[in-house]
Amino acid sequence: SASLVALLPSAPPLTMAMTFGEQVPYGDPNWYTESYTSPYYNASHAEWRKRCREFVEDEIAPHVGDWEAARAIPREVYQKAGKAGLLPCVVGPNGYEYATCDAPAQFDYFHELIFVDELARGSASGGVLWGLVEGLQIGLPPVLNFGSEEMKKRVAPACLSGDKTICLAITEPWAGSDVANIRTTATRKGDKFILSGEKKWITNGIFADYFTVACRTGGPGMKGISMLLVEKTMPGIVCKKMDCQGVHSSGTTYIEFNEVEVPVSNLIGEENGGFGVIMKNFNHERWGFVVQANRFARVLLEESFKYANKRSTFGKKLIEHPVIRWKLAEMARQVEGTHHWLENITYQMCHMPKDDAMVKLGGVTALMKAHSSKVMEFCAREASQVFGGNSYTKTGLGSKIERLYRDVRAYAIPGGSEEILLDLSVRQAMKSKF
């Protein structure tokens with residue numbers, strides 16, 4: 001298949017004529033800084049960045065604390081994000097085909113990177129970010145990539161406008177990274193499937209209108225799995241909100257499917273071909289986790305840098321203590337390195353044919369995802385040490401640090417745990433000829 005960028009007019013690299021943002025050292029990617037030249041970004045990206053930041057600062061950032069406390073995001077926020085033309089960018093290159101708004105000029109994966117990165121910066125909350133876009137980012141692509149045209153037209157426009165929400169339901173109490181051994185079953189009876197089973201830790205599940213569900217329609221293993229589009233209005237669905245360590249406003253949910261009748265027309269892709277649907281979704285999902293985790297790590301670094309220039313101990317600013325400068329440097333080198341890696345892989349996603357990318361980028365994306373969550377965890381710890389007791393309270397100067405510390409495990413485990421992904425990266429590398 002043709003690459004996304006090959007279908008678009010070319011644009012010259014962007015040389016920044018002016019700065020963007022607060023210019024805290026390492027507080028933003030370096031292309032936000034005057035005189036830096038990037039081969040990845042053009043004027044469309046710069047305009048999109050401005051649009052994203054304004055929306056996040058006006059509509060998201062002032063309300064994060066309230067939404068965290070309420071453990072939910074008001075539905076009108078989704079609609080505002082849809083009306084602003086932002087939501088369709090998180091589901092891949094074909095998102096705007098079913099949206100009522102236009103795509104940004106020369107739309108590519110860097111536009112998605114910018115929006116998710118800016119949302120992570122402004123919210124400093126995995127819960128708010130996941131609550132607003134994660135279900136959409138991982139739940140709708142299977143429909144867009146494998147669903148019937150009727151299904152796409154029925155489901156996608158309402159989800160992309162924010163009028164309805166969707167989630168991905170794969171993980172079970174007994175099957176997380178081991179996707180091939182899920183137990184939820186769908187038995188075919190005439191023109192319907194009878195769906196029974198349980199799903200756990202499902203992001204956005206409690207308020208989702210649609211569920212993209214992995215279930216067993218055949219024999220054991222990966223060849224017996226199918227994907228179904230399940231609708232909240234179908235009788236037999238029970239959703240229970242889970243009380244988790246972090247990502248509070250994301251709606252983490254335990255779901256029971258009790259003999260739910262699902263039309264055969266709601267099959268996504270081929271019967272018993274669901275494992276391929278899941279695998280095609282994983283690279284994009286894990287790439288999205290990298291964008292989020294690394295910006296959260298950058299937030300932790302930025303907050304630490306600002307705090308170190310304000311707080312005084314033993315008669316001098318924290319920044320004047322060598323050990324604090326060492327902590328900032330250790331955070332900065334890891335955040336900057338991860339972001340450059342992320343930009344490189346994003347460039348490959350834009351240019352590499354999709355079928356090739358699914359195979360060739362699988363291992364490196366897994367490795368990058370595991371790396372990014374380790375960097376986030378490191379920065380969360382170091383930022384906590386810089387802030388001291390202020391990082392231990394949910395309000396006040398260290399509230400972002402406290403919140404992101406609790407969110408770390410939500411990046412180290414979902415989408416494939418660090419251990420699984422590190423192993424996968426090497427197993428994929430072993431398949432290459434050398």
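Phe110 is buried, with 1% relative accessible area (buried means under 20%, exposed over 50% and partly exposed in between, with a 1.4 Å probe and protein chains only). The model is predicted, so local features need pLDDT of at least 70 and side-chain atom pairs count only at pLDDT 80 or more, while totals for chains, interfaces and linings use all residues. Residues are numbered from 1 along each chain as its sequence is written, and side-chain values use heavy atoms, leaving out hydrogens and water.

**Aromatic pairs**
- The whole structure holds 16 aromatic pairs (ring centres of Phe, Tyr or the six-membered ring of Trp within 6.5 Å; planes under 30 degrees apart are stacked, over 60 edge-to-face, the rest tilted).
- One of them joins Tyr41 and Phe110 edge-to-face, with 5.2 Å between centres and 75° between planes.
- Tyr41 sits in the loop between β2 (37–38) and α1 (43–60) and Phe110 in helix α4 (residues 109–123), so this pair ties together parts 69 residues apart in sequence (helices, H or I, are DSSP runs of at least four residues and strands, E, of at least two, numbered from the N terminus).
- Tyr41 is buried too, at 1% relative accessibility.
- Ring pairs link Phe20, Trp31, Tyr32, Tyr40, Tyr41, Phe110 and Tyr347 into a cluster.

**A charge over rings**
- Arg49 places its charged end over the ring of Phe20, 4.2 Å from the centre (CZ of Arg or NZ of Lys within 6 Å of the ring centre and within 35 degrees of the ring normal).
- Arg49 also lies over the face of Trp31, 4.3 Å from the ring centre.

**Cysteines**
- There are zero disulfides (pairs of cysteine sulfur atoms within 2.5 Å).
- For Cys167, the closest cysteine sulfur is in Cys239, 7.5 Å away and too far for a bond.
- Cys167 is buried at 0% relative accessible area, and Cys379 is buried at 0%.
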